[in-house]
Amino acid sequence: MSRTEPIRGEIVVPGDKSISHRAALVGALSKEGIAVEHFSTGADCAGTLSCLSRLGYAVAREGEQVRVRRGDASIEGGVLDAGNSGTTARLLCGFLAGMPGLFAVITGDESLSRRPMSRVVDPLRTLGARIDGRDGGRRLPLSIRGTRLSGGTYTLPVASAQVKSALLLAGLSAQGSVTVVEPRKSRDHTERLLEHLGVPLRREKGSVTVFPFEEPPGGSWRIPGDFSSAAFWIVAAALVEGSEVTLPGVNLNPTRTGLLAVLERMGLRCGIVPSSPSGGEPTGTLTVRPSPLRGTVVDADEVPLLVDELPLLAVAATQAEGVTEVRGAGELRLKESDRIEAVAEGLRTLGADIEELDDGWIIRGGHPLRGGAVASRGDHRVAMALAVAGLVAAGDVEIDDADCVFVSYPGFLDELRKRSGRP
Ligand code: S3P
């Protein structure tokens, strides 16, 4: 018998993390600036704001209301701590590389200092960027000596919205147009935001081109709820008997909602009521009730559309009938932790039948989960996915270093405890 209360009612998830980072950075380039509501409450986006204010941009925050504009200070550089946030570090590289006269150093925490930076440094160097760093610029800390960049075309070896966005931000101050060719479509928030603010872009199948446009106009809007945060409630409601969760104002950008498509294929019934777009992004209300799930296959083409939700999908797959295979997801090994290994280890401890592949997992569903002590490895998405697994485990699940959820969803564990009645 489940010891978990049904998860019921309306849950307003924090503002989207990816969009919040971008709004802050684009706002800083604009004289008029941006004023947004429902800015992400996570530490990652607070980190982007503090880097911008350290550089001398005008940043004002009252709770979830944030204003950022260029201000009057001359931007000369400084030491910028990106904390745990890959998006902060990588987008800042593109943002700063084309500012002549600037000198900046980007640092980060232990996890971020292990993560690859050459994916953003190499393409920026092809535009003339002067970036150096540990291990030849492969790891943080990185130093950036701003310079006038040339235009150019870069073909990404791996789909990455962070790298694409760094190049697009660099392109705004370059001397010619910058085209990014993507092997697979990744989240397009930067493109949507720039278009929404009136910056011309050329979007073609498989590529996007930005033209020199040093000062984007400003704007004011509400950041939609983060689909990646809503995802934890979607899977919780799908798995816990008697649940019914309503999630209003969630971002429904199709480059982010791959998890919904996969869960629907597995049998999830989910109500979707669209609401008005905000800041160029589609939004809507999701309603989720429990559904019996069947195994499925997720391959490389789908991965970028649910890359951050794959740990959570693995949790759902443990409760599905049959086998789920995730392949082409080697990128997960390069996130805040090695998510392939962390998820396999955590779920195996709880009694799941999960086989680790180089680039994904094979999960044989239908095994009841038990309680146990599992490791988050300081990775917010692993911690939250294992907490959702805890809802369907027979005994208590103890997650070490679970506080790491503050980087994207500070209130998640309290809310989950309150609604589920689990310790
Ligand atoms: C992000 C892009 C993704 C994602 C990350 C946020 C972004 O990373 O995993 O959490 O905001 O652009 P990659 O660009 O490395 O795929």
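This is a predicted model: local features need pLDDT of at least 70, side-chain atom pairs count only at pLDDT 80 or more; totals for chains, interfaces and linings use all residues.
1. Contact here means heavy atoms within 4.5 Å.

2. Helix α2 covers residues 43–55, 13 residues in total. From first C-alpha to last, the helix reaches 18 Å, close to the 18 Å expected at 1.5 Å a residue. After α2 comes G56, which has a positive phi, near 115 degrees.

3. The buried residues of α2 are D44, C45, G47, T48, L49, C51, L52 and L55. Their packing partners include two helices, α1 (17–29) and α3 (86–97). The buried residues of α2 also pack against the strands β3 (58–62), β4 (65–69) and β5 (77–81).

4. D44 deserves a separate entry. This residue of helix α2 has a relative accessibility of 3% and therefore counts as buried, the cut-off being under 20%. Leaving aside residues up to four places away in sequence, D44 touches K17, H21, N84, S85, T88 and V407.

5. Searching the whole structure gives one cavity of 30 Å³ or more. The largest cavity holds about 30 Å³ of space. Its lining consists of S228, A231, F232, D308, E309, P311, L312, R381 and A385. The elements contributing two or more residues to that lining are α9 (227–239), α11 (310–318) and α13 (380–391).

6. Within the lining of the largest cavity, α9 supplies the largest share, with three residues. Sorted by class, the lining has five nonpolar residues, three charged and one polar.

7. The count of aromatic pairs is four. In the pair of F232 and F412, the ring centres are 5.4 Å apart and the planes stand at 50 degrees, so the pair is tilted; an angle over 60 would have made it edge-to-face, and one under 30 stacked. The two residues lie in distant parts of the chain, 180 residues apart: F232 belongs to helix α9, and F412 to helix α14 (residues 412–420).

8. Both F232 and F412 are buried. They belong to one aromatic cluster together with W233 and Y409.

Conventions. Residues are numbered from 1 along each chain as its sequence is written. Side-chain values use heavy atoms; hydrogens and water are left out. Helices (H or I, at least four residues) and strands (E, at least two) are DSSP runs, numbered from the N terminus. The expected span of a helix is 1.5 Å times one less than its number of residues. Buried means under 20% relative accessible area, exposed over 50%, partly exposed in between (1.4 Å probe, protein chains only). On a 1 Å grid over the protein atoms alone, a cavity is a set of points where a 1.4 Å probe fits but cannot get out, and a pocket is an open set with protein on both sides within 12 Å along at least five of seven lines; lining residues have an atom within 4 Å of a point. Grid points are joined across faces, edges and corners, and a volume is the space filled by probe spheres set on the points. Ala, Val, Leu, Ile, Met, Phe, Trp, Tyr, Cys and Pro count as nonpolar, Asp, Glu, Lys and Arg as charged, and the others, Gly among them, as polar. Rings of Phe, Tyr and Trp (its six-membered ring) pair if their centres lie within 6.5 Å; planes under 30 degrees apart count as stacked, over 60 as edge-to-face and the rest as tilted.
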